[in-house]
Amino acid sequence: MKNKISIKLLSIIPTFLLSTSLLVSMPVQADTQAYSTSPPSGLAANKVPMFVSFGFDDNGIAGIGSDGGMDWIIKLLKTKKNPDGSPVHVTFFNTTKYMAEPNVTETWKAAYREGHEIGNHTVLHEKGGKKQYDGDTALNFSVEQWKQKINSAQRSLKQMVSGLGGNNENPNVIGFRAPYLSYNENMFKALKASGMVYDTSMQEGWASNANNKNYPWPYTLPTGIWELNVAPFVIDNNHSNKVTGFDYNMWHNVWGKNLNKAESLKLLIQNFDARLAGNRAPFMLGAHTDYYDSTYEGSADFSRIEVSQRREVIEGFIDYVLEQPDVRIVPFNNIVKWMRNPVALSGGSSGVLDLDAMATKVNTYQEDVGNNYWKYFTQRSWAHRFLSKELESVATDLWNGNKSSVTLVMILIFN
Ligand SMILES: [Zn+2]
C-alpha cells in the first residue's frame, strides 16, 4: 500500500490546487480477490459498511393478491430506509418453473421494478451436487447438465427483466444459488461458462474456531466467480453449536427443537451484534418468501412459530439492524460491486474519521495560520483507503485542535 502513496509537505500551494481534485480514476480491478477473513484493501473492520443481505429463494407461491410472502416483503421494505437514506433492497433467487403461474411472474417483475435483485435458482430446483452421504439423492450433474439448468433459467429471467426499467443498478441477472446448497466442481465451471458473476451456495464457518470474528469475506474462486459464502448462525455464542444461516434451519431444527419467535430473533441479533463488533464479513441471511405465506400456516416443519410471528422476526431484525449507523441492507450484487471497489464509510460513526467535518474545522484555522492550508481530497471516497497510519495520526491531532499540525500543507499524490 505504501508505495502507492507519496506525501509531500509544502508550505505554499497554488490556489487552483485547493479547488481541484488531483485524483484520477482507479484502474478497473480484475476479479481476483484472495480468500480472507479481513475486509479488502487493508481497511479496518470498523471503517467498512456492515452489509446485511437477504437472499429469498424459490419464490413460487408468493404472488400479488394472494397474501403472498414475496408481496409482503416488497411492501414492507418500501417503508424502510438505510441509515444513509438509501432504499432497502434484497435479492430473490428464483426457480423459474414457477413462471408458469402468471401471478408469480408479475410479482417477480414488481420486485425488479422496485430495485430488488433477481438471481438464478435453476429451473426445476434439482439437487445437482456431489453426494455427501450414503443415500444422498444428489444427482452430481456434469458441466453440460449444469449449463443447461443455469442457462435455461437465465434466459427466462433475463427476458423477464428486459425493458422493465425500475431503478435496479444491475440489469443483468448475475447471481446464482444452488438448490439445497448442493454443488460440485462442475457447477462452478458451468457458472463461468454461462457468464454468471457470483455464487452463494458454499457454506463456510462450521469449524469450532470459526465465528463472527473470522468468517470469510467474499472472495473469488479460481474460475473468477465471486463466492458469497453462507455462514452458519452461532447459537448462544457457543461456537461449537451452529445452525445453517437460513430461516428454514433456524425454525426447523436446532438441537432437535424448533426455535420460536423470541428465540429466533435473539439468535439473529446475537449473531449480527457479534459480526458488527467482529470482522464485518457481510451478514447474509438465507430465506424463503414462501414461509411468510399463509400456505405454510400450520406446517409441521415450523411447529413453534406461525406465519405472522415469522414475519415479525424478519421485520424485528430489519428494524434492529437499521438502528446501527454503519449498516447497509443491500442486494448481493451490491456486495460484489463494493468488493470490486471497496470504500470506507465516510460518516463519523465507529471512530471513522469524518473528512468533511475535518475540512470544515480546518477552514476555521486558516485565519490563524496565514497562508498555510490543510487539504484533503475528499471528492472520491476511495481516498479513505489510502489514509495511512501516519496521516491518520496527523489528522487526529488536527481534529483534536493541535494547530502545529496545520502549519504545512499536505498533498496526497496517488501514483
Ligand atoms: Zn431453494
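Reader: Hi! Let's start with Met-50. Which strand is it in?

Author: Hello! Met-50 belongs to strand S2, which covers residues 50-58. Keep in mind that the model is predicted.

Reader: Nice. Staying with S2, in which sense does it pair with S3?

Author: S2 and S3 run parallel and are paired over four bridges.

Reader: What about S3 and S4, how many bridges join them?

Author: Four bridges, and these strands also run parallel. S4 spans residues 117-120, and its Asn-120 is the bridge partner of Asn-94.

Reader: Which residues cover the two faces of S3?

Author: S3 is residues 91-94, with Thr-91 and Phe-93 on one side and Phe-92 and Asn-94 on the other. All of these are buried, and both faces of the strand are covered.

Reader: Changing topic to helices. At what angle do H2 and H3 pack?

Author: About 15 degrees, with the axes 10 Å apart. H2 is residues 69-78 and H3 is residues 102-114. The helices are therefore roughly parallel to each other, and their crossing is left-handed.

Reader: Which residues meet there?

Author: From H2 you have Met-70, Asp-71 and Ile-74, and from H3 Thr-107, Ala-110, Ala-111 and Glu-114. By class, that contact has four nonpolar, one polar and two charged residues.

Reader: Great. And H4 with H5, at what angle do they cross?

Author: Helix H4 (residues 143-161) and helix H5 (residues 185-193) cross at roughly 50 degrees, and their axes come within 8 Å. That angle makes H4 oblique to H5. The crossing is right-handed.

Reader: Who makes the contact between H4 and H5?

Author: On H4, the residues are Val-143, Trp-146, Lys-147 and Ile-150. H5 brings Asn-186, Met-187, Lys-189, Ala-190, Leu-191 and Ala-193.

Reader: How do those residues divide by class?

Author: Seven are nonpolar, one is polar and two are charged.

Methods. Residues numbered from 1 in each chain as written. Predicted model: local features only at pLDDT ≥ 70, side-chain atom pairs only at ≥ 80, totals over all residues. Axes fitted to C-alpha atoms, helices over the stretch in contact; angles between N-to-C directions. Parallel < 35°, antiparallel > 145°, perpendicular 65-115°, else oblique. Left-handed = near helix turned anticlockwise from the far one by under 90°. Contact = placed C-beta atoms within 7 Å. Nonpolar A, V, L, I, M, F, W, Y, C, P; charged D, E, K, R; others polar. Buried ≥ 20, exposed ≤ 12 C-beta atoms within 10 Å, placed from the backbone. Pairing = 2+ DSSP bridges.
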